[in-house]
Amino acid sequence: MNLDFAILDPHDDSADNQARLAGWFSAVNRGFHQARPKDETRERWLRNVRSDGAVLRGAWLPATAYGAGPMPVATFAHWAGELNTGAGTLPLHQISEVTVSPAHRRKGLLRRMMTADLDDAVAAGRPLAALTVSEGSIYGRFGFGPATWRAKVEMDVSARFAVPGYRPYGRFELVEPADLWPTQRHLFDAWHAQQRGSVSRHSGYDALSRGEWDPEEQAPDEKLRAAVHLDADEQPDGYVLYRHSGWDRPYTATVQDLVGLTPQAELALWTFLGDLDLCELVKAKTQVDAPITWALADPQCRSVAGVEDHIWLRVLDVPVALEGRPWFGDGSVLLGITDSLGHAHGAWRVSVRDGKAQVAQASADPAAGEVRLDVGTLGALYLGGTRVSTLADAGRVSGSPEAVRAWAALADGGPAPYSRTSF
């Protein structure tokens, strides 16, 4: 069956196009097992799509086929963002809303859309693509690798909770999330500019962070609370958004967002959560090795319910991507990269001096490389969240021991990457 592959124009208000847009959004909700969207949910989504400049791809049944209509059998979206590499920011091709109907799996729909979309990313001059995944087995074959990780943490904030190394400064205020919004945005932007691995936020965060909309309830979020920390000069340096679960024991607060501009500000926010009345447990997603881990008097107050991959990266332009990240030693390595889609394929000379790299293609044959890996492994290594030796031990980096050690001396180092943005 020949499907109709098309890109929708979110700004086209014709009846046929609006029907397809509504069908596209319904297909995404179906693909992720969410409730059918109400009219207001769909209207909010369309405003966000327009604001982000998102590109919406889809595949539809031909008009004469049984089941044909405005709802596609596959969806795929992207928009332009940016990634903090640790040496500055680079343009990022952010991919989301990827679904294929269970009735049309294993027919190459995703490969066709992904291939076309990554070609568009290259044409737009974006050296990196990123996504978050619901199934980890899918995206490695398209050259993505898990580059940042996060921990699902449960913190016992009963009498055992204490942070002896923290010295209080400044003060807190509770404010309405909508009133805090300009400060939230400013603090996140400042944090994003300094945090390796951070991804810029899309328009959907606006209503979520203001408490205007709960996607699950498809209604205003009446439970969201906000607190801001002010430093000794009365300047905001951190905020937390959270919800209290109610009267079921243990009394629990769940963090939606926690941003501190300094480690001290982050610890201040945790002490605020620990001091909440009628609260025995705090649930949050954090850096795997967050400062609070080591600041606790009793480390057993913190338990990790799981560690999960978060941002997956895909290198599209090897010279721009590698020259745009930090380096930690001087030297030169010939890096052989295999890439079934061709974007990064070849052998690349990476020469580093004083923390900066110069990269040029030396051969079209990855086998010529002194160190050899596939492009998904390069994505996993790109932000420094995983060490070269770890992936060499896993069989994903090959070469002589001397060459692998030389590559590790250049690539490994710097702060662990972390993103507070999902998409």
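Analyst: Start with Phe-188 and Trp-191, which share helix α4 and sit three residues apart, about one turn of the helix. (Helices here are DSSP runs of H or I with at least four residues, strands are runs of E with at least two, and both are numbered from the N terminus.) Bear in mind that this is a predicted model, where local features need pLDDT of at least 70, side-chain atom pairs count only at pLDDT 80 or more, and totals for chains, interfaces and linings use all residues. Residues are numbered from 1 along each chain as its sequence is written, and side-chain values use heavy atoms, with hydrogens and water left out.

The count of aromatic pairs comes to twelve, taking rings of Phe, Tyr and Trp (its six-membered ring) with centres within 6.5 Å; planes under 30 degrees apart are stacked, over 60 edge-to-face, and the rest tilted.

Tyr-418 belongs to the segment after α11 (401-411) while Trp-191 is in α4, so the contact ties together parts that are 227 residues apart in sequence. Tyr-418 is buried, as is Trp-191.

What is a pocket here? On a 1 Å grid over the protein atoms alone, it is an open set of points with protein on both sides within 12 Å along at least five of seven lines, whereas a cavity is a set where a 1.4 Å probe fits but cannot get out; lining residues have an atom within 4 Å of a point. Points join across faces, edges and corners, and the volume is the space filled by probe spheres set on them.

Of the 20 residues lining this pocket, Asp-189, Arg-201, His-202, Tyr-205 and Asp-206 come closest to its centre. Two or more lining residues come from each of β3 (74-84), α4 (177-194) and α5 (204-210), and α4 gives the largest share, six residues. By type, the pocket lining has six nonpolar, eight polar and six charged residues; Ala, Val, Leu, Ile, Met, Phe, Trp, Tyr, Cys and Pro count as nonpolar, Asp, Glu, Lys and Arg as charged, and the others, Gly among them, as polar.

There's also a charge over a ring to look at: the charged end of Arg-210 sits over the ring of Trp-181, 5.5 Å from its centre. The rule asks for NZ of Lys or CZ of Arg within 6 Å of the ring centre and within 35 degrees of the ring normal. Arg-20 does likewise with Trp-60, at 4.1 Å from the ring centre. Elsewhere, Trp-24, Phe-25 and Trp-45 form one aromatic cluster.

One cavity of 30 Å³ or more turns up, and its lining includes Trp-327, Leu-378, Tyr-382 and Trp-407. Helix α9 (375-382) and α11 each give two or more residues to that lining, with α9 giving the most, three. The cavity lining has seven nonpolar residues, no polar ones and one charged.

Note on methods. Buried < 20%, exposed > 50% of the residue type's maximum accessible area, 1.4 Å probe, protein only.
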